[in-house]
Number of protein chains: 2
Amino acid sequence: MIIDCHGHYTTAPAAHNEWRDQQLAAFESRQAPPTYPSISDDEIRESIELNQLRLLRERGADMTIFSPRASAMAHHEGDAGVSDAWAHACNDLIARVVDLFPETFFGVCQLPQSPDTSLDASVRELRRCVEELGFVGLNLNPDPSGGHWTSPPLTDRYWYPMYEAMVELEVPAMVHVSSSCTPVFHATGAHYINADTTAFMQLLEGDLFADFPDLRLIIPHGGGAVPYHWGRYRGLADMLKKPPLEEHLMGNVYFDTCVYHQPGINLLFDVIDIDNIMFGSEMVGAVRGIDPRTGQYFDDTKRYVDALNLNDAQRTQVYSGNARRVFPRLGRALDQRGL
Amino acid sequence: MIIDCHGHYTTAPAAHNEWRDQQLAAFESRQAPPTYPSISDDEIRESIELNQLRLLRERGADMTIFSPRASAMAHHEGDAGVSDAWAHACNDLIARVVDLFPETFFGVCQLPQSPDTSLDASVRELRRCVEELGFVGLNLNPDPSGGHWTSPPLTDRYWYPMYEAMVELEVPAMVHVSSSCTPVFHATGAHYINADTTAFMQLLEGDLFADFPDLRLIIPHGGGAVPYHWGRYRGLADMLKKPPLEEHLMGNVYFDTCVYHQPGINLLFDVIDIDNIMFGSEMVGAVRGIDPRTGQYFDDTKRYVDALNLNDAQRTQVYSGNARRVFPRLGRALDQRGL
């Protein structure tokens with residue numbers, strides 16, 4: 001069984017995205033947003049069958065842990081109410097995808113974060129998504145300001161209500177920023193990767209998992225720059241008088257395989273323990289083209305993982321075992337299905 | 001001959017750093033700064049002989065391209081006048097190191113950048129350092145705000161007066177941020193690496209080298225996250241309708257070897273053309289400890305490079321040839337010495 005831990009609904013029906021534009025325009029002109037449009041099951045089916053489902057089958061994977069489009073979360077747009085309504089709409093749409101393709105998709109929610117506001121609404125929406133919609137995880141944006149980084153580090157008590165809910169509900173978070181509202185940071189080429197690196201270093205500086213030993217965080221895009229600079233991070237842990245990274249962080253932190261070339265995947269598996277790596281592709285996502293050097297999609301990360309010299313147990317861990325463990329609600333659902 | 005392209009004077013005499021504290025205190029209280037202290041040649045000699053020179057010899061390298069301590073540039077502190085006086089003091093001290101150890105050190109200057117000000121003073125100080133002090137390069141801070149990223153991208157015309165001076169003077173810049181004034185970004189663990197990644201992506205999005213075909217930029221710390229995500233950047237260039245990276249950027253962009261473990265160095269040399277890699281260690285710098293797994297300093301990057309299977313021509317390129325080419329003033333000085 002092959003589970004892709006990192007997929008976004010980047011191909012949502014146009015009416016959904018148009019409503020977002022209308023919602024933001026209404027906010028700007030201080031009017032009430034229009035009613036959310038009616039979107040048929042067939043539209044949703046088509047948007048999935050022609051894209052994620054087709055590519056999953058072509059590439060030989062089975063399931064995707066599926067969340068709203070990350071770049072469209074845009075927590076910096078509008079205000080807390082706007083973010084709340086948008087998160088609800090996005091999560092409800094994910095729930096419909098899961099209902100239409102229950103064998104293939106498991107839901108992960110977008111939170112209604114908004115800069116300089118409490119996490120109360122986000123905790124409420126997380127509960128709704130897990131308890132009512134059956135979601136198995138969440139995307140947590142460490143920078144809802146969209147590149148201005150006005151929130152405190154992830155180790156700050158500001159975030160603790162979210163962590164308490166996550167531990168209670170047994171759901172992990174993928175630490176994932178959204179689009180950038182500054183020209184300095186290209187979204188998928190700089191802001192995403194920087195956020196991954198930043199989050200890891202924040203965790204390294206702090207002692208978050210002493211307070212939350214059962215908290216699990218996934219750092220996407222292969223951990224940003226971290227595996228490439230693993231020696232730097234081991235050395236910084238030493239300089240900061242922290243325990244070795246394996247003890248300090250790697251009981252709680254996981255990296256996906258969204259690294260779009262063979263040498264990068266080789267490095268990831270060379271330096272990071274296989275218990276901490278989960279298969280992911282972010283398909284259909286940041287990089288959609290075909291690599292002229294290989295003739296294959298850049299983001300067909302399964303090819304790179306398949307090319308590693310893994311034994312059967314290791315392959316099972318990366319492709320499904322770690323995901324079942326890190327997402328316990330997913331693991332139990334698969335157990336119940338006898339999978 | 002082995003030239004370390006990335007060294008900072010992190011061990012400057014205490015009086016130098018104390019003056020900086022006094023300068024900032026004077027700025028805060030709106031008083032004139034004290035006179036810069038007298039520092040003897042012996043103090044400078046000792047600070048170098050016990051540190052950089054000792055380690056260079058122990059590790060078997062010959063020369064260092066040497067600049068003021070990067071984290072202490074702190075362009076976000078004080079105002080433009082404060083930055084100007086501080087840059088002068090730091091650069092004059094580097095010039096004294098070079099005068100005392102002319103066979104070992106070549107100078108690279110700190111610029112008097114200051115947020116939201118023009119680059120006029122920086123261009124003036126660059127000219128002084130190159131024309132009067134004999135320096136061979138500069139450190140250019142893409143974020144003088146210290147983590148708030150208030151400057152425009154490196155491809156913006158704001159930076160063009162600096163690039164014009166660099167081309168005229170035949171000096172390359174290392175793109176190097178300073179300390180971070182936000183708790184979100186640890187300086188050496190997040191801000192440095194993020195800035196490297198960010199700078200590369202800014203260059204990728206733009207067409208700077210069409211305007212400045214002779215401009216040369218060094219992205220330190222092994223290029224941040226870029227080599228690890230080389231497939232992502234190749235894919236993004238394709239999506240943004242840019243030429244392949246080799247054509248688009250790699251005639252003008254260089255990475256150093258400040259990557260503190262063997263797998264990272266292996267990856268760097270696996271994906272980046274050897275013409276674009278310059279030996280560097282950032283010693284004595286960000287990570288000063290000894291790796292318990294190897295018994296060697298994390299930042300003894302020469303060991304990692306030596307462990308690669310390079311032929312003599314490739315070794316010469318990485319250890320000196322590329323530096324002589326990228327820093328033409330260094331190359332000519334070595335030629336004149338018959339080296």
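**Reading a strand and a two-fold**

Guide: This is a predicted model. Begin with one pair of residues: A:Val108 stands opposite A:Gly137 in strand 4 of chain A.

Visitor: In which sense do strand 3 and strand 4 of chain A pair, and over how many bridges?

Guide: They pair in the parallel sense, over 3 bridges. Strand 3 covers residues 105-110 of chain A, and strand 4 covers residues 137-140.

Visitor: Which helix belongs to the β-α-β unit with strand 3 and strand 4 of chain A?

Guide: Helix 5 of chain A, residues 120-132. The unit is right-handed.

Visitor: What joins strand 4 of chain A to strand 5 of chain A?

Guide: Again bridges: 3 of them, with the strands running parallel. Strand 5 spans residues 173-175 of chain A. There, A:Val175 is the bridge partner of A:Leu140.

Visitor: How do I read the faces of strand 4 of chain A: covered or open?

Guide: In a regular strand, side chains alternate between the two faces of the sheet. Here, A:Gly137 and A:Asn139 lie on one side and are buried.

Visitor: What rotation superposes chain A on chain B?

Guide: Two copies of a chain are related by a rotation about an axis and a shift along it. Here the rotation is 180°, the shift 0.0 Å and the RMSD 0.0 Å. The copies are thus related as by a two-fold rotation axis. A:Ala225 has the C-alpha nearest the axis in chain A, 2.1 Å from it. Both copies use the same surface: 100% of the contact residues of chain A recur in chain B.

Definitions and conventions. Residues are numbered from 1 along each chain as its sequence is written. Chains are lettered from A and ligands numbered from 1 in the order in which they are written. This is a predicted model: local features need pLDDT of at least 70, side-chain atom pairs count only at pLDDT 80 or more; totals for chains, interfaces and linings use all residues. Side-chain values use heavy atoms; hydrogens and water are left out. Buried means under 20% relative accessible area, exposed over 50%, partly exposed in between (1.4 Å probe, protein chains only). Helices (H or I, at least four residues) and strands (E, at least two) are DSSP runs, numbered from the N terminus. Two strands pair if DSSP finds at least two bridges between them. A crossover is right-handed if, with the strands pointing away from the viewer, the path from the first strand over the helix to the second runs clockwise. Copies are superposed by least squares on the C-alpha atoms of residues with pLDDT of at least 70 in both. Contact means heavy atoms within 4.5 Å.
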